[in-house]
Amino acid sequence: MIEVLIFATLNGLVTGLLLFMLASGLTLIFSMMGVLNFAHASFYMLGAYFAYSISLYLGFWGGLLFAPLIVGVLGALIERYGLRKVHDSGHVAELVFTFGLAFLIEEAVQFFWGPDTKNYQTPDLLDFPLFTLFGQEFSAYRGFMITISVGIFVALYYVLTRSRIGIIIQAAITHPNTVANLGHNVPLIFMLVFGVGTALAGVAGVIAGPVLTTFPGMALVLGSIVFVIVVIGGLGSLAGAFIASLLIGLLQSYAIASDVGMADLLNLLGLEFARDHPLDDLWTLTLPQIAPLLPYLLLVLVLIFRPSGLMGKREQ
Amino acid sequence: MTVLSLRNVHKNFGETSIIRGVDLDIHEGEKHAIIGPNGAGKSTLFHLISGRYHVSSGTILYKDEEIQNKTPYEINRLGLARSFQVTNIFPRLNVFENIRCALLWSHGYAYSFWQLLGRQQALNDNAMEVLQQIGLENRANYPAGELAYAQQRALELGIAVASGADLIMLDEPVAGMSHSEAEKAVQLIRKITQGKTLIMVEHDMNIVFDVADKISVLVYGEIIASDSPENIRGNARVQEAYLGEVVSGA
Amino acid sequence: MKMPLGKLPESLRYILAALALLMAGQSQAQEPIRIAFIDPLSGTFASVGTSGLTQLQFAADYLYNDKGGILGGRMIEIVPFDNKQSPTETQIQFRRAISEDIRIVFQGNSSAVANTLHDAVTRHNRRNPGQEILQINYSAVDPILTNEECSFWHFRFDSHAIMKLEVLTDFIAANEEIKSLYVIGQDYSFGHVVSETTEQMMAQKRPDLEIVGNEFHPIGQVKDFTPYVTKIVSSGADAVLTGNFGADMVSLARSIIDSGLEIPIYTFYAAYDGITATLGEDGKDQIHLVHNETANPIPTEERRAFNLAFKAEHPDRDVTQPRIVNALSMLVKAMEESQSTEPAAIASALEDMRFTTLTGDQAWMRADDHQLFQSLHISVHTDEGIEFDADNSGFGLRTIHTVAPEDNLIETSCRMRRPR
Amino acid sequence: MKTLVKKISPWIGYLLLLLLLPQFFDSVLAVSIFNQMAIAIVFALSYNMLLGQGGMLSFGHAVYFGLGGFLAVHALILIEFETLTFSIIYIPLVGGLFGLLAALFIGSFSTRKAGTVFAMISLGVGELIAASSLIFVSFFGGEAGVSGDRTYGPPFFGVEFFQNIEIYYLAAAWVFIATLFMYLFTQTPAGRMANAVRDNPERAEFIGYSARWVRFISFAAAGFFAGVAGGLFALNYEFITEENLNAVTSGRVLLMAYIGGLGYFIGPIIGAVVLTLMNSLLSNYTELWMLYLGILFVLTVMFLPRGFAGFIMMHQLAWTRGKLKSLALPYVKTGVPATVFLAICVALIELSHVEGEALHYLGLELSQDSGLTWALLLIAATAAFIATRKTLPQLRNAWIEANHMEDSSGEADP
């Protein structure tokens, strides 16, 4: 049992940190521009695909270096020539634009790379078990994923709190108008933040691609979860996003690891249930079965009882 | 007869106290102006009365009914209407619809989804009357968001008074207007608030002394004086705290 | 509502008129025999559908059209219809096929789609006597289609789930080293059939073998299978059995391999369309698959020639579903025998048909339930002894165990109702 | 009297159009497409009640469509087994009532806020219900869904609904009724206040209305009509599955309403017709139709924020002033090279995608391997693009000219 717990925690951590890499970019973009970028996970997917293509020539590390750059530039261009144009039509139009973008990117990926699963592999350098516990290996690559995620978190934190641009961004999050009045080139900052945000998603794609498989549906699987995280964490709150990422990563991991079901609950309550009852489906439900639903359940509950999210201040 | 009375009303935002124990009585038919320096809490006081904010403590009575815990729409239904400092209209509806919407509740339609607006003769006539009053009848089919500023302010007033409320609260009704526009606006205010109780926040002292028959001075969340215009003019404390500097500065 | 509504249909009328012209142009003299192929050709599942379409088209050309056609010189024309693997779209495309006067429909992907199509065909045939449609199911394995829900107008050319499981569980049961088995699958009907049937069969065949886990995960929703693998590891299972397909299959297998668990994985769909390439060296000798028609070693020259010709024309594709070829060949044989292209006549001729496939298999279409019986194989993912690899990866399937058709006969609950 | 005629004539035209369409196109395919359109029109209009009229961006509207459809199919099953006996013409009403019920429940907590909070709740609820539909097999039938048969009800004036054309006339009747009622809803106090709350929820509260209640009523009505659409779906296809209430369907209706034009009542109708045609016709000619749809959608959001209907309405002023003619020539001048450019772009996209064989495109046979083909196409594309850019200012000038106000009103325009 203990090994399940340990590995569930580790797995939850890996997923949580990966989610945070996406959520941090999304939060940055939202705080700055007030746009919930529906296409954020699509940039994650683009990261994986670009990295795959680059890795065919330059190996994994080349992909790690260049793919996020390409994704970031692409993101900045989309902000400059797409999103900014839509900005005048209001927030709903922006949200709908990113929604359309997500749709378009998925189709474009299928167009350029085809619908097959891509053979994107972990680098040989990291192809060894980091440690073996109770007969199960924890691969070095997963350790690497954790390192990169934490590294990015630290770097981001450092940039946001110490650097000049970070301070401007921080100010823009809380007082967007003042920053513009101070004479900063806000459109440029927007473009930059969007570029960096999408590049972060790109990094996540690069490192997640080999383990979570690179296929055209990978954005869809993650997309709405990331959304859920930033909303649960509180829109615009980086700390909230961090907590929510880990929370959801761990929650899902533990739920899968558990073996609890409705049947156990009913037994505990001393209730019997008949087979072939119309509600049979409900009674035979197990926690692992509904694990992927939990984030959405959490989302709805949070929004009902605390619409501003766990750490959110700004009411919409 | 007292229409509205505030008893020891407090409002805090976190640690900061904005309204610190206000007592105020408004009598029927009175034209009551509230003045005070910037940041004194005038708009907050309006928001408290109209239900946008809830009081931290104290009571607000409207016609002997406690309203401090009611929502804005409940308060509005009791016959208390207000305008806003920043133009607050329905930009994508046309001017006529703006006024008609403001009339709906008082005409008793509530949330009806079985009556067709086009068939409601009395309602539509009433809306046209209000439009004529505020001088926007030839702009009836214009999207409200595309009106000129002064016209939007007039519409703002129209929405506030349309419903035939007994107590009307105007928050800086002539802010941002040119002198001639302001003059027109004052005439309009006179016309449409005839026979009604009016509470008004305004910075332009000429207008205040022109319109009001009673003035309260709010300084740092407290009413330091509440009296007729003449007495306020002569009140030393007011002079010191507020009027002096403004008048001399102007 | 100021816009005149009358303007709206103008453009629509032109488009539809253009379409009508186009369709009129298509149905001309020297009538080809037209066969509808309804499967996903766009969207996430497109790879399997387009691959099937390519194989069917190739088989029609290579085996018949290039040799002068059938029934005295008529060509076979495969008309693709894209259903995006959606039941709703399937209905729409089915109606479109009817509208084009097509009477034979090929379909294979997803049991849900097969079931809807089956319902639609049954309803259509009942309501439009004399204009019946024939459903050729080349891949959907839900047992009910040749059991409770069987129909005269439906023929299945793949072994259904229970037949395949029978072979798979026999194979596992025979392996004394396997003392415990972990079953994991997608939370939908096929996954449930696999889970329940495995449990039943194992209890019968190897009461001592313990099912240490029986898990469902939501279909297409799992980002990372590692947590599931953790459970598999801690259960101490000696083997894993799964009915997963697509990305869920790849992710699961990768996670198992990555965690260093070296136990056999028994599957239905862990090959081709990018999966073989992705598993590559890591999955060697670990991934097992149950299927019809041996790929390696190639049993006959005919099959070798077919595969080579296919590869020559489509270097990036593989012959992933030889059963499509079988279905077409048997269909043609039925047409030749009955000298007709009427579904009723073809169906009667197909019943009880015996046929030798390109691979040399003896196949039998049982009249009782319209289920095809042929030998089933268990193959292993490897790069040794592979003549025809998958995804040009050097890896492919090598058959290690074969069950003859007479040994996988299985009872049916079908009560076939034939038209008078 | 004259205004009455003016008011009613579009409706009579609409009704005639609905009834006469199958007289012109009576193939199985055409009728199948008309049925799809009928369903899409009701669904898209109901979505517009939320987003266009009420300002609620929903990512889960398919929930009400799907739930209505599921109950409708279950009703068909009950009719088949003679537990219930009523004519199937009322099935859409069954769907509508269940859609309403679901909307009443979910709306009770989701309409408290508009904006992002509402959008996110709709997303969460949508995902939850879509996922539960796969778990609760006895009601939803798993991924295969549930199927019924519409022909077992008592005949309606001798019609037993064997053929799709019979369903079409039934659907047409329902579409007409639903459209009419949805239009009338916009003319009621509740409908007008929905616009007001969309524009400015805060102010609405100060004229006596609870923004939440106003939203709730629109939401419930939208749920009802989505359920009606679901019922029509059930009648047409005689089955329903999980995909009909998941995010894909929700996304599609958003696409329809947006491309058609949110601000106009007729917008979603245009969107429903255009998207249905694209879906059924375009997908026949190319596997890449989804890519084109994505491009169309993004371009629409960028350049036609008010959708196709908005584009048409842009010409209203020029039309009333009799200047539409002066726009015709500039439109042709820019339109021809622009169309050529788009056509070549499509050719390039298709050519790079085609497998092995040559591409047959507009009567031409293009070879993928020929460098010359590529070069020619690229040159032609560039030329067409330059021509478009060159003629664009002319169009712009003509446009300004046609819409220029000579200021007849006398007062200053804002």
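The centres of domain 1 and domain 2 of chain D, taken over C-alpha atoms, are separated by 37 Å. Domain 1 of chain D spans 2-272, and domain 2 spans 316-403. These bounds come from an automatic or database domain assignment.

This is a predicted model, in which local features need pLDDT of at least 70, side-chain atom pairs count only at pLDDT 80 or more, and totals for chains, interfaces and linings use all residues. Residues are numbered from 1 along each chain as its sequence is written, while chains are lettered from A and ligands numbered from 1 in the order in which they are written.

Turn to chain C. Strand β6 (residues 180-186) pairs with strand β8 (residues 239-242) in the parallel sense, over four bridges. Strands (E, at least two residues) and helices (H or I, at least four) are DSSP runs, numbered from the N terminus. Pairing requires at least two DSSP bridges between two strands. C:V240 in β8(C) stands opposite C:Y182. β8(C) also pairs with strand β9 (residues 265-267) of chain C, again parallel, over two bridges. Here C:L241 has C:Y266 in β9(C) as its bridge partner. From β8(C), the chain passes through helix α8 (residues 246-258) of chain C to β9(C), a right-handed β-α-β crossover. Right-handed means that, with the strands pointing away from the viewer, the path from the first strand over the helix to the second runs clockwise.

Now the contact between chains A and C. Chain A brings 30 residues and chain C 32; contact means C-beta atoms, placed from the backbone, within 7 Å. On the side of chain A that touches chain C, α1(A) gives the most, with six residues.

Conventions:
Contact = placed C-beta atoms within 7 Å.
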